[in-house]
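Reader: I am new to this structure. Could we go through it in short steps?

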Amino acid sequence: MKRMMGILLALVLTLGLCGAELSAAAATGSVSFTAGASSVTVGGSVTLTVTYTASSVGAGKADIAYDNNLFQCTAVNGTGTHNQASAAGLLTYNFAENSQKNSHRFTCTFKSKKAGTGTFTLSSDGLVTFDEEEFSVEDKSLTVSVENPAASSNANLASLKPSSGTLTPKFNANTTSYTVEVPYTTTSLSLSAVAADKGA
């Protein structure tokens, strides 16, 4: 009888420990953080994509820290809400799904302001499944370089127009000397020139 009670007690303890381990187990999930390009020219834009994946993704918060001297956030696309602290270089995005899905994705676009190398760092908080089980993911970071546009070897003009009168001879990109005949009452003259290549 004592032996039987000992076996039953051992079984109860074993089941209790297994149950404790099962209840302590958290949901698992992952996050991907990618950039549409690793480099852009000054004035160009890069789009970052964040995707959370789990058995079901319910809600969470994403913070993207960036160098606001090099980049400016111009757009955020996703079903969540966002707040931009441009002066601090921080974008905060909150989301909550209203149906069960195994992923949540959003994108944010940044315009480059000057040459340099900028790091974007993603940190996540408050991630839960649709059944409100917590899960966590690692912080992620990526780097995007901003380069000055290459100078063009084409220094020609596409057009040259005086504010009054007409050019003689007619405009030609290879002609570098012109005369303009204007009425006697003209006191000033301006020329409007358009470069053939904006990188010139």
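The questions below go from the whole chain to a sheet, a core and a loop.

Reader: How many helices and strands are in the protein chain?
Author: This is a predicted model. Strands and helices are counted along the protein chain. The count is one helix and 14 strands.

Reader: What share of the 200 residues in the protein chain is buried?
Author: A residue counts as buried when its relative accessible area is under 20%. The accessible surface of the protein chain comes to about 12,700 Å², and 52% of that belongs to carbon and sulfur atoms. Of the 200 residues, the buried share is 28%.

Reader: Among contacts between residues at least 6 apart in sequence, what percentage joins residues at least 24 apart?
Author: A contact needs heavy atoms within 4.5 Å. Take the contacts in the protein chain between residues at least 6 apart in sequence. Those joining residues at least 24 apart make up 70%.

Reader: Which strands stand at the edges of the open sheet of six strands?
Author: The strand order is E2-E10-E9-E4-E7-E6, and the pairing is mixed. From one strand to the next, the twist averages 20°. An edge strand has a single partner, so one of its sides has no neighbour in the sheet. That applies to E2 (39-41) and E6 (81-85).

Reader: Which residue in E9 is the bridge partner of Lys 61?
Author: Strand E4 covers residues 59-65, and strand E9 covers residues 116-128. The two run antiparallel and are joined by six bridges. For Lys 61, the partner in E9 is Asp 125.

Reader: Which element gives the largest share of the largest nonpolar core?
Author: This core has 31 residues. Tyr 52, Ile 64, Phe 71, Phe 106, Phe 110 and Phe 120 touch the most other members. Elements giving two or more residues include E1 (29-35), E5 (71-77) and E8 (103-112). The largest share, five residues, comes from E3.

Reader: Which residue touches Leu 48, Val 50, Ala 62, Val 76 and Tyr 93?
Author: Leave out residues up to four places away in sequence. The residue also touches Tyr 52 and Ile 64, among others. It is Phe 106.

Reader: The side chain of Tyr 178 reaches the backbone oxygen of which residue at 2.8 Å?
Author: Tyr 178 lies in the loop between E12 (166-168) and E13 (179-181). Its C-alpha atom is separated by 6.2 Å from that of Leu 167, eleven residues apart along the chain. A polar atom of the Tyr 178 side chain lies 3.1 Å from the backbone oxygen of Thr 175. The backbone oxygen at 2.8 Å is that of Asn 172.

Terms used. Residues numbered from 1 in each chain as written. Predicted model: local features only at pLDDT ≥ 70, side-chain atom pairs only at ≥ 80, totals over all residues. Heavy atoms only, no water. Pairing = 2+ DSSP bridges. Helix = DSSP H or I, 4+ residues; strand = E, 2+ residues; numbered from the N terminus. Axes fitted to C-alpha atoms, helices over the stretch in contact; angles between N-to-C directions. Core = buried A, V, L, I, M, F, W, Y, C linked by side-chain atoms within 4.5 Å. Buried < 20%, exposed > 50% of the residue type's maximum accessible area, 1.4 Å probe, protein only. Areas by Shrake-Rupley, 256 points an atom, 1.4 Å probe, with all protein chains shown as cover. Polar contact = N/O pair within 3.5 Å; in protein donor to acceptor, adjacent residues only side chain to side chain.
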